[in-house]
Structure formats: C-alpha cells, structure tokens
Amino acid sequence: MYTKFQSFLNQELSQIKEAGLFKEERIITSPQGATIRVSTGQEVLNFCANNYLGLSNNPKLIVAAKEALDTRGYGMSSVRFICGTQDLHKQLEQKIAEFFGTEDTILYAAAFDANGGVFEPLLGDDDAIISDSLNHASIIDGVRLCKANRYRYANANMEELEEKLIEAQKNRFRLVVTDGVFSMDGNVAPMDKIIALATKYDAMVMIDESHSAGVVGKSGRGVTELFDVRGKAEIITGTLGKAFGGAVGGFTTGKKEIIDMLRQRSRPYLFSNSLPPMVVNAGIKMFEMMAETTELQDKLHRNTDYFMEKMLAAGFDIKPTKSAIAAVMLYDAKLSQEFAAKLLDEGVYVIGFYFPVVPKGEARIRVQLSAAHELEHLDKAIAAFSKVGKELGVIK
Ligand SMILES: *Cc1c(COP(=O)(O)O)cnc(C)c1O
C-alpha cells in the first residue's frame, strides 16, 4: 500500500512546490530576540516573531521557569482532572482572570485547543455562531466540531454582522466570535460596535485575543481595553505563545458558568496533558510583571508609531494598524518574495505573504514590531526597506 501512497504524496508535494507555495523553515541557532543567528551563521534583525513584548528570552521568566523545575519537577504526566493540577495552575488561571477582568479561566495546551474546545460543549443545533470571515484557523476548526448553525460576515463589516444577527433571531442562543487583531492586516475588530450590536440583538460575544492581548490598549489588556468594553464579552481566548512569553499554552477566560462547563465537557482539556510547571510558573511571573508596569507596552507602542511614521514618510503603502503588525503592501506575489530575500541580504528578517495566505493581488511584507527592538534596530530596518524599495521601484 505505502508505495502507492508515497508516490501520491510526492506528486502532491511537487505540485505545492511548482505553485511556489512550499514552506521552507529557516533554522535559528540562538534564542528568540531582536537579533537572531541563523544556521548560515548570519546575524539578522528579527521582525517576524510574535515576540511583541520581547519576553521570549526574559531573564526573570527564565528564573521562574527554573525555580519551578527545581521545586515542582519537569512534567505532570496527567490531564488536569486526574492528577495534573498543581496550585500553580490554579494561580495562573486566577492571574489571567485578573488581567482580563473576567470571572474564571481554564488553561489549555495551546490557544488552538482553547478554540477547538470552546464551541461544542456550549452550543447545539438550536444555536447560532456568527463568525468573522478572517477568524483564525483554530476558530474555524472549533466551529466545525460544533452542531450550531453557522453564519459568516465579511471582515469587521458591521452591516453584514447586523444582517446575520437578524437572520439568527430564529436560533435559541447566539454567539458572535471575532479575533481581536487580524494577523494579516493588523486591523482590530471594532469591539465597541460589535458589543453594541450583540446587545441590540441579544447575542453573546467571544474574542480571540491571541494577537492583541499584551499588545493593544494602553496597558495591553487587549481590544476590550482599547474600545473601553472591559467585562462585556462573555468569552475571551488567548495564547501564552505570543506576547505573553512565547513558550506554549492557551486559555479561555470569561463567565464562571462557561468555564465550569468547559472543565466538564471540553475535549482538548479533558483528554490532553496538563501544562508543565515551568511554563505555568513563568506565566504567573509574567502576569505579575504586567500588573506592575506598562513599560513594555509603552515601548512597543512608541516603536510601532515610530516605524509607521518613518515608513509612510518614505513612501510605503501600509495598511492602517492599531496593533504591532505593519502590513507593507506590495500587491505582487513575486515582488514580495524578492523584496523579503533582498531584505535578508541587508540583515533584516521579514516574511512576504501572498495568495492563498492573503487574497490574490494583495501580497505584502508583514512586519511585527517588538518592545525588544531598540531605535537603532528600527532605523536599520527602515533604511533597508528604503534601499530595497528604491532598487525594486516600489518607492521613489
Ligand atoms: C496564534 C493564534 C492562535 C494559536 O495559538 P497557539 O497557542 O499557538 O495554539 C489562535 N488564535 C489566534 C487568533 C492566533 O493568532
């Protein structure tokens, strides 16, 4: 059997390659940071990590992780409800709830699991899920696992959301679900309007804050802070794998009864291993740091504003952003590849995105800013963009 399957796979793989869609992985030989070393020995400035607060290699988090290794061991060898819950797990859940101003939290191995396990236990075939068309793959998969009726509205389009809410009045319970920040454009979901519509049409709201938590809002509390609607969403999901240290882990936080039900019925929680103590303890330390100061957010916001201002002044076309993502629009797929390759030669690591990751004719380079970046890093990146932009005729 395998010989036939093997040639089938090889054919599919070469089609992916021929279409120019084959994903190669660049190998990094240093910790994650503003500068990284890649396996060719080259040192490059990193503008493509989700390391928004620069915490991926933070000394305090490393100490907290080591402490837990020494006092609580390496792994839990259990799911939460059998013997995988330490006091640390309960403390981290509490810290996350305090951060978001919610009632309780449930931890998962990843945000992918949090989204995969949130819909099916809560909603059934009488109910409605109304989902933004650009929501993350894990939300799409989670919705597929649930029997609720599905409605989709164009990205952040409030007229369409209202139409779908009207259509869904026939359903028993309605849940509107949206990413906080959409990762390809860096735009934010208009949470004030979404909450107002949900109130008007009697619906609940779920926000995936994976790209927005820690980043958006004056103190990094996410889109509910940015739009002054804290406590108004019933469900928030997020990751510990981006701004919050970048290791691994996800969570759902929100109304107490919702979290209680997820602990009883959410399959990725019930049937998957508990987070390791070192990750949990570093997470606790991280949220303590967030409660003490907004220094990292302030720096990240300054960096983003500076980068945007200089790049726009240089003549680049960038999507409006309220996040730490700057989508530098090039429109042409091949150009975006060439541009990214030339930037790497200049020592700046960024990724070009093109169809099918973004719509046809909307190729771009996505730049992710970080509190780990210093002014000299930003200036170097802007200079490299300008140089390559002129060489390739993108700017004058
Ligand atoms: C990154 C991301 C996830 C997945 O997070 P993991 O913890 O890595 O599984 C889920 N949702 C959104 C919106 C994301 O950006």
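The lining of the largest pocket is made up of 18 nonpolar, six polar and five charged residues. The model is a predicted one, and the pocket in question holds about 980 Å³ of space. The chain that forms it is divided into domain 1 (15-46 + 294-391) and domain 2 (59-292).

**The largest pocket**

- A total of 29 residues line the largest pocket, and those closest to its centre are Lys23, Glu24, Ile351, Gly352 and Phe353.
- At least two lining residues come from each of helix H14 (333-345), strand E11 (348-349), strand E12 (351-353) and strand E13 (363-368).
- Among the contributing elements, H14 gives the most to this lining, with four residues.

**The second largest pocket**

- The volume of the second largest pocket is about 390 Å³.
- Its lining comprises 26 residues, and Leu53, Gly54, Leu55, Asn58 and Leu296 are the ones nearest the centre.
- Two or more lining residues are given by each of strand E1 (35-37), helix H12 (277-292) and helix H13 (295-313).
- H13 provides the largest share of the lining of the second largest pocket, namely four residues.
- In terms of residue class, the lining of this pocket has 10 nonpolar, 10 polar and six charged residues.
- Both domains take part in the second largest pocket, since domain 1 and domain 2 each supply at least three residues to its lining.

- Domain 1 is assigned to residues 15-46 + 294-391, while domain 2 is assigned to residues 59-292.
- A distance of 27 Å separates the C-alpha centres of domain 1 and domain 2.
- Two salt bridges are counted between domain 1 and domain 2.

**A salt bridge**

- Arginine 364 and aspartate 185 form a salt bridge in which the closest N and O atoms are 2.6 Å apart.

**The largest cavity**

- Two cavities of 30 Å³ or more are present in the structure.
- The volume of the largest cavity is about 70 Å³.
- Its lining consists of Arg80, His89, Leu107, Tyr108, Ala109, Pro268, Tyr269, Ser272, Asn273, Ser274 and Leu275.
- Strand E3 (104-108) and helix H11 (267-270) are the elements that contribute two or more residues to the lining of the largest cavity.
- Six nonpolar residues, four polar residues and one charged residue make up that lining.

**The second largest cavity**

- The second largest cavity contains about 60 Å³ of space.
- The residues that line the second largest cavity are Gly33, Ala34, Asn46, Phe47, Cys48, Ala49, Asn51, Gln368, Leu369, Ser370, Ala372 and His373.
- This lining has six nonpolar and six polar residues, with no charged residues.

How values were computed. Residues are numbered from 1 along each chain as its sequence is written. This is a predicted model: local features need pLDDT of at least 70, side-chain atom pairs count only at pLDDT 80 or more; totals for chains, interfaces and linings use all residues. Side-chain values use heavy atoms; hydrogens and water are left out. On a 1 Å grid over the protein atoms alone, a cavity is a set of points where a 1.4 Å probe fits but cannot get out, and a pocket is an open set with protein on both sides within 12 Å along at least five of seven lines; lining residues have an atom within 4 Å of a point. Grid points are joined across faces, edges and corners, and a volume is the space filled by probe spheres set on the points. Ala, Val, Leu, Ile, Met, Phe, Trp, Tyr, Cys and Pro count as nonpolar, Asp, Glu, Lys and Arg as charged, and the others, Gly among them, as polar. Domain bounds come from an automatic or database domain assignment. A salt bridge is a side-chain nitrogen of Lys or Arg within 4 Å of a carboxyl oxygen of Asp or Glu.
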